[in-house]
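Welcome, and please open the structure in your viewer. We will go from stop to stop, selecting one piece at a time.

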Amino acid sequence: MISSRRKETGGHTFPSTVMAQLCFSRCPFLSTKSVSTLGWTQLLQLTADHPWGRMMVSCEQAQLMANLVKLIKAKKVIEIGVFTGYNALNMALVLPDNGRVIACDINEDYAKIGRPLWKEAGVEHKIDLRIKPAIQTLDELLASGEAETFDFAFIDADKESYNEYYEKCLRLVKKGGIIAIDNVFWNGKVLKPRKDDLAAQSIHRLNEKLLRDARINISMLPIGDGVTLAFKL
Ligand SMILES: C[S@@+](CC[C@H](N)C(=O)[O-])C[C@H]1O[C@@H](n2cnc3c(N)ncnc32)[C@H](O)[C@@H]1O
């Protein structure tokens, strides 16, 4: 049984927390509403069991992002770094039927695990998977005139490119939209990044920049491995 396993994900023990246990028993934000948990539970279990399952966002992060997406009545969302699509599925479930998650990843094998379950959950049509370097997808969106048309973006891919992802997302997201950035604690290594740790250095630089960035307001949240929410002004 997966629910009795302990696995490290996103800098915390999974699923040892109460939230994680609740996640396995029922999709936490869907409550008893009409939305089905078909596909959702299987994807969570398959991803937690995957050798790289620790890459998946924590349940409480996924819950928060889905609730934010719902709260701001988002229609267009970007996810940079999709893995099996657990978080993308959570967001797709709360988007309107004509809503879209532009899902950016370079590894199609991960998506092959998720896609049948996105379909089972009835939201495959809302997840537009783009298999290529995320920078290229973001540039294509900008070139096709989609600047300031997105409501929400989630940055969770290669850490060295975080600043570029942030700058491009800031152009793509509308005023009042939100950019969520994962792993901003990087297991505490951001406090004193080693010279040879390019990921820690990159996140550290972005954390410092966001503090002073007059284009946004931020909330840095101690959930998972740290999530910063940047609210575009
Ligand atoms: C931490 S995982 C994403 C987890 C996912 N957000 C979730 O909630 O389950 C990081 C993902 O980024 C992808 N990735 C790495 N470098 C990338 C790049 N340059 N462009 C797009 N995706 C990339 C990896 O293939 C991997 O699936």
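**Stop one: a pair of helices**

Begin by selecting helix H6 (residues 134-143) together with helix H7 (residues 162-172): their axes come within 10 Å and cross at roughly 20°. Because angles under 35 degrees count as roughly parallel, H6 is roughly parallel to H7. The crossing of the two, H6 and H7, is left-handed. Keep in mind as you look that this is a predicted model.

Now show the side chains where the helices meet. On the H6 side, pick Ala 134, Ile 135, Leu 138, Leu 141 and Leu 142; they meet Glu 164, Tyr 165, Lys 168, Arg 171 and Leu 172 in H7. Colour the contact of H6 with H7 by class and you will find seven nonpolar, three charged and no polar residues.

**Stop two: the whole chain**

Zoom out for a moment. The chain has 233 residues, and 45% of them are buried. In a cartoon view, look for eight helices and nine strands. Take contacts in the chain between residues at least 6 apart in sequence: 69% of these join residues at least 24 apart.

**Stop three: the core and helix H4**

Next, find the largest nonpolar core, which has 65 residues. Select Leu 89, Met 91, Ala 92, Ala 153, Ile 155 and Ile 179, the residues with the most contacts inside this core. Which helix gives the largest share of this core? That is helix H4 (residues 86-94), with seven residues.

Stay on H4 and ask how many of its residues are buried. The count is nine of nine, so H4 is mostly covered. To see the buried residues of H4, select Tyr 86, Asn 87, Ala 88, Leu 89, Asn 90, Met 91, Ala 92, Leu 93 and Val 94.

Now centre on Met 91. Leaving out residues up to four places away in sequence, Met 91 touches Met 65, Ala 66, Val 69, Val 77 and Val 101.

**Last stop: Leu 233**

Finally, go to Leu 233, in the segment after strand S9 (227-232). Is Leu 233 buried or exposed? Leu 233 counts as exposed because it has 10 C-beta neighbours inside 10 Å, and 12 or fewer is the cut-off for exposed.

To finish, draw a C-alpha to C-alpha distance from Leu 233 to Ile 178; the two are 9.6 Å apart in space and 55 residues apart in sequence.

Conventions. Residues are numbered from 1 along each chain as its sequence is written. This is a predicted model: local features need pLDDT of at least 70, side-chain atom pairs count only at pLDDT 80 or more; totals for chains, interfaces and linings use all residues. A nonpolar core is a set of buried Ala, Val, Leu, Ile, Met, Phe, Trp, Tyr and Cys residues joined through C-beta atoms within 7 Å. A residue is buried if 20 or more other C-beta atoms lie within 10 Å of its own, exposed if 12 or fewer, and partly exposed in between; C-beta atoms are placed from the backbone. Helices (H or I, at least four residues) and strands (E, at least two) are DSSP runs, numbered from the N terminus. Two residues are in contact if their C-beta atoms, placed from the backbone, lie within 7 Å. Axes are lines fitted to C-alpha atoms, for helices over the stretch in contact, and angles run from 0 to 180 degrees between N-to-C directions. Angles under 35 degrees count as roughly parallel, over 145 as roughly antiparallel, 65 to 115 as roughly perpendicular and the rest as oblique. A crossing is left-handed if the near helix is turned anticlockwise from the far one by less than a right angle, and right-handed if clockwise. Ala, Val, Leu, Ile, Met, Phe, Trp, Tyr, Cys and Pro count as nonpolar, Asp, Glu, Lys and Arg as charged, and the others, Gly among them, as polar.
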